[in-house]
Amino acid sequence: MGLKEIHDTLFNPPQFAVWAPGRINLIGEHTDYNGGWVLPAAIDRGFEMYFSFDENIEQFELYSKNLDNQQAFTRTHESLPAANWAKYLQALILVIKEEEGIIVPYFQVSLESSIPPGGGLSSSAAMNAGFLTGIKHFLKLKWSGAKMAQLAQLTEHKIGANVGIMDPYAVIYGEENSFIFLDCQSNSHQVINADFHDYALVLVDTKVTHNHAESGYNDRRKTCERVVELANAFTKAQTLRDLKPDDLVKINDEYPNVSTVEAEFIFEENKRVQEAVMALQSGDFVGLGKLMYASHYGLQNKYRVSCPELDFLVHTATRSGLVLGARMMGGGFGGSTINLIHKDNVSSWIKFATTEYESTYQIYPSTLIARPSKGCEVRETWG
Ligand code: ADP
Ligand code: MG
């Protein structure tokens, strides 16, 4: 049964449907929470959602087709456990009340996602952004995309995920064949059109997540914040974005035990994002690929958030001679690599990568071709 039919059997007739995609990030890793730049895109995989609002509905009611699971909660319901996927909507409803003073009326929503779980494509941001798109549409709110991204981010913070603004922002602002050049200090962006007709972006999922992924992320964040804190003794800075390489030299002199190599990586990665934008604009895919490899080596050796499986896949990409650029994508310590390839080489690369990886790790990696696509939208309306 299709999702619409399921919705019709479980819930009231829907008034409208929403599309909310996942996202990739071409380059600019760990720069978002450091006030830097990122270059993500919404993709052609995402959530389809149907919404029914009716004054007779007395609780929030949700159904996930992927999980074949139905949930419900009222406004006064205690906090849902961490394992319950409905916690996202519960947190979101609270955030909307706290931040905007809006009491969201009860509604029913059914959803189905084509985003592979655990693949680093930000299914949680897509789901939150999809809920927000539905709520905005029904209540005819004037929220900007940046406001919605901020609400989605605060929702994740509320459930304990200390994420940056990039994921919901890309999911909301994505455009066909384009990347979102996002300045995470001013929360403003430029749409960078990319002629990807001859090229493809292939994700290869290591299928591993090392259990220090969360602590590693939090540690790196703290290390960067510490550098900013120390720099404030001689300059005014809120994030690494406000510092210059010379400031790191001063910190090294004063505090030889404080690590600044992570900050150095952030400076370099920010520069690479700027250069990647220029490469995209001039159609220089070879140059873009080199920046992606450089990003990976920085993440591996300076920021130290890679892992043997990711390094193996990037090394396999260089060895294959088929891949213009490859790097780990996402927080690190597992997850996927993103690979830039001429479209004629895609199937040979996938065959090579999966065979090599499987024979080394006895794990079959999943692969996915991601196309930069449109962001969240209301797709169909009835009644
Ligand atoms: P990601 O990197 O994909 O965002 P997260 O761990 O942040 O990974 O979010 C994944 C969570 O989002 C799942 O544990 C689940 O709670 C929720 N989620 C994702 N897809 C679905 C779905 N199709 N149905 C219900 N919940 C989902
Ligand atoms: Mg997430």
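A residue is counted as near a molecule if one of its heavy atoms lies within 4 Å of it. The model described here is predicted. Around ligand 1 stand Phe47, Ser64, Asn66, Leu67, Trp85, Tyr88, Leu111, Ser113, Ser122, Ser123, Ser124 and Met127. Sorted by class, this shell holds six nonpolar and six polar residues, and no charged ones.

Some of these residues also make polar contacts with the ligand. In asparagine 66, a polar side-chain atom lies 2.9 Å from a nitrogen atom of ligand 1.

The next point is where the ligand sits and which elements surround it. Ligand 1 takes up the space of the second largest pocket. Strand E6 (107-113) and helix H3 (123-139) are the elements that give two or more residues to the shell. Helix H3 supplies the largest share, three residues.

A separate place to look is histidine 30, in the loop between strand E1 (16-25) and strand E2 (37-38). Is histidine 30 buried or exposed? Its relative accessible area is 5%, and it therefore counts as buried, since the cut-off for buried is under 20%. A polar atom of the histidine 30 side chain lies 2.8 Å from the backbone oxygen of glycine 331.

Conventions: Residues numbered from 1 in each chain as written. Chains lettered and ligands numbered in written order. Predicted model: local features only at pLDDT ≥ 70, side-chain atom pairs only at ≥ 80, totals over all residues. Heavy atoms only, no water. Polar contact = N/O pair within 3.5 Å; in protein donor to acceptor, adjacent residues only side chain to side chain. 1 Å grid on protein atoms, 1.4 Å probe; cavity = no way out; pocket = protein on both sides within 12 Å on 5 of 7 lines; lining within 4 Å. Sits in = over half its atoms within 2 Å of the grid points. Helix = DSSP H or I, 4+ residues; strand = E, 2+ residues; numbered from the N terminus. Nonpolar A, V, L, I, M, F, W, Y, C, P; charged D, E, K, R; others polar. Buried < 20%, exposed > 50% of the residue type's maximum accessible area, 1.4 Å probe, protein only.
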